[in-house]
Amino acid sequence: MQQREEKQLEASIDALINRVAHLKNSLHSFIFKLENEYDRLTWPSVLDNFALLSGQLSTINKLMRSEKTPAFRNQVIIPLLLSPDRDEELAKLTEQRVPVFSHEIVPDHLRTKPDPEVEEQEKQLSTEAARIGPDVAQKQIQTLNKLCSNLLEKLNNPREDREAESSAMRQNKPTFNPADTNALVAAVVCGKGLSNHRPQGPGGTVPPGGGPMLSGGPNLQQVTMQRSTNQQAAMGGQGPPQQPAHYKLAIRGPHCIIPSIKNSMQNC
């Protein structure tokens, strides 16, 4: 009877080791693809690898729950020989993870309970959980569920909606400064803020083109204004007639100043 149980235990262990080896090979292959073939890896291929790993884990769980598999928790492992020297056979079996089987390593590898520090943390968490009443716990659960729902709603929001919102925000953003537009219109219509000084050309005459011209790109329009002699007489009084002064301004598109022309003319 005892020999039969031992043989059954050995067969179960061999089958479990075999299944774990297959799972380990699949993990190695998947990790290799992620690290070296990520540029050619497709999402369906990733899903296939996850499905393979999930199936192998399910097979191991079925093997562990099988009636033919003895309860491993009832088996006791007793270290018969401890040595600080390197054991090549042990290193080969554990793939160089456990090179020695000494007094320092045995408590960690043969431990059946968590570390004392972990046990102490679990006790503290259990004590804190016991202090919270059912009502407070329910409120915290509802708050957490609400946050998760809002986050999921934002994540599930279609990309087109987000792009539409961003484009609408860009369109509603003003593209000009009303104060600068009013100042420009007042300068063009009424000459407000323009200097009376005109540069003299050769022979004391005004050079062609009048005063300085503001430079701009291809989408700028040049506007030339000519002040009449009546305006000069009103501003300067009597004196010899002077040549009309030309002012050249650069205006970026008429659509920027048309809405403000009426207000600016009233302010002149």
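## Salt bridges

Arginine 111 and aspartate 108 meet through their side chains in a salt bridge, with N and O 3.9 Å apart; the term stands for a side-chain nitrogen of Lys or Arg within 4 Å of a carboxyl oxygen of Asp or Glu. Arginine 111 is partly exposed, at 35% relative accessible area, whereas aspartate 108 is exposed, at 54%. Here buried means under 20% relative accessible area, exposed means over 50%, and partly exposed lies in between (1.4 Å probe, protein chains only). Salt bridges with shared partners also join Lys24, Glu95 and Arg97 into one network.

How many salt bridges does a search of the whole structure find? The search finds seven. One of them pairs lysine 24 with glutamate 95, whose closest N and O atoms are 2.3 Å apart. Lysine 24 sits in helix 1 and glutamate 95 in the loop between helix 3 (88-93) and strand 2 (100-101), so this pair links distant parts of the chain, 71 residues apart. Lysine 24 is partly exposed at 30% relative accessibility, and glutamate 95 is partly exposed at 40%. Another salt bridge joins arginine 40 to glutamate 37, with 4.0 Å between the closest N and O atoms. Arginine 40 is exposed at 59% relative accessibility, while glutamate 37 is partly exposed at 26%.

## About the model

This is a predicted model, in which local features need pLDDT of at least 70 and side-chain atom pairs count only at pLDDT 80 or more, while totals for chains, interfaces and linings use all residues. Residues are numbered from 1 along each chain as its sequence is written, and side-chain values use heavy atoms, leaving out hydrogens and water.

## The chain as a whole

The chain has ten helices and four strands. These are DSSP runs numbered from the N terminus: helices are H or I with at least four residues, strands are E with at least two. Along the sequence, the pattern reads α-α-β-α-β-α-α-α-α-α-β-α-β-α.

Of the 268 residues in the chain, 15% are buried. Contact means heavy atoms within 4.5 Å; among contacts between residues at least 6 apart in sequence, 59% join residues at least 24 apart.

## The nonpolar core

Which residues form the largest nonpolar core? The six are Leu16, Leu23, Phe30, Val46, Leu53 and Ile60. Such a core is a set of buried Ala, Val, Leu, Ile, Met, Phe, Trp, Tyr and Cys residues joined through side-chain atoms within 4.5 Å. Helix 1 (2-36) and helix 2 are the elements that give two or more residues to this core. Leaving aside neighbours within four places in sequence, leucine 53 touches Leu23, Ser26, Leu27 and Phe30.

## An aromatic pair

The whole structure holds one aromatic pair. Phenylalanine 30 and phenylalanine 50 form this edge-to-face pair, at 5.3 Å centre to centre and 75 degrees between the planes. Rings of Phe, Tyr and Trp (its six-membered ring) pair if their centres lie within 6.5 Å; planes under 30 degrees apart are stacked, over 60 edge-to-face, and the rest tilted. Because phenylalanine 30 lies in helix 1 and phenylalanine 50 in helix 2, the pair ties together parts that are 20 residues apart in sequence. Phenylalanine 30 is buried at 7% relative accessibility, but phenylalanine 50 is partly exposed at 45%.
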